[in-house]
Amino acid sequence: TLEAVESLSALRAPNGHVFWARGAAYRNLGNLNAAQAELLEAVEKEPGLMEAWLELARVRRAKGDAPGRAAAAKKAVELAPANHPDLEEAKRLSEEK
């Protein structure tokens, strides 16, 4: 939940994982603008965080931003190890029309 993520944030300076978790929580709550802002912060702080790029692709898809969705998903595919459980979803999001 967002409350749990906020509690973690208070314990130390937020890193990319904290911003990613907040972004995912905001997406689950339907606040896509806040989700996108948090996820952009996540990928700025930790550009190699595949999960944040994938979550950003999900948010951009929900917002109807096809070019943004594809770009974020392609980055997730590029970063994902071959056995990552979300790799197929990232590929699908990168190729959607």
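**Salt bridges and a helix pair**

Buried means under 20% relative accessible area, exposed means over 50%, and partly exposed is in between, with a 1.4 Å probe and protein chains only.

A word on the source. This is a predicted model, where local features need pLDDT of at least 70, side-chain atom pairs count only at pLDDT 80 or more, and totals for chains, interfaces and linings use all residues. Residues are numbered from 1 along each chain as its sequence is written, and side-chain values use heavy atoms, with hydrogens and water left out.

Back to our pair. Arginine 22 forms a salt bridge with glutamate 38, and the closest N and O atoms are 2.9 Å apart. The term means a side-chain nitrogen of Lys or Arg within 4 Å of a carboxyl oxygen of Asp or Glu. What does this pair tie together? Arginine 22 sits in helix α2 (residues 16-28) and glutamate 38 in helix α3 (residues 32-45), so the pair ties together parts that are 16 residues apart in sequence. Helices here are DSSP runs of H or I, at least four residues, numbered from the N terminus. By the salt-bridge rule, the count comes to nine.

Next, helix α4 (residues 50-62). Glutamate 55 and arginine 58 both lie in it, three residues apart, about one turn of the helix. They form a salt bridge, with the closest N and O atoms 2.7 Å apart. Both are buried.

Arginine 58 has another partner. It forms a salt bridge with glutamate 89, again with a closest N and O distance of 2.7 Å. Glutamate 89 is in helix α6 (residues 87-95) and arginine 58 in α4, so this pair ties together parts 31 residues apart in sequence. Salt bridges that share partners join Arg27, Glu55, Arg58 and Glu89 into one network.

Now the helix packing. α2 and α4 pack at an angle of about 25 degrees, with their axes 10 Å apart. Axes are lines fitted to C-alpha atoms, for helices over the stretch in contact, and angles run from 0 to 180 degrees between N-to-C directions. That makes α2 roughly parallel to α4, a label for angles under 35 degrees.

Which residues meet? Trp20, Ala24 and Arg27 in α2 meet Glu51, Ala52, Glu55, Arg58 and Val59 in α4. Contact means heavy atoms within 4.5 Å.

Conventions. Helices (H or I, at least four residues) and strands (E, at least two) are DSSP runs, numbered from the N terminus. Angles under 35 degrees count as roughly parallel, over 145 as roughly antiparallel, 65 to 115 as roughly perpendicular and the rest as oblique.
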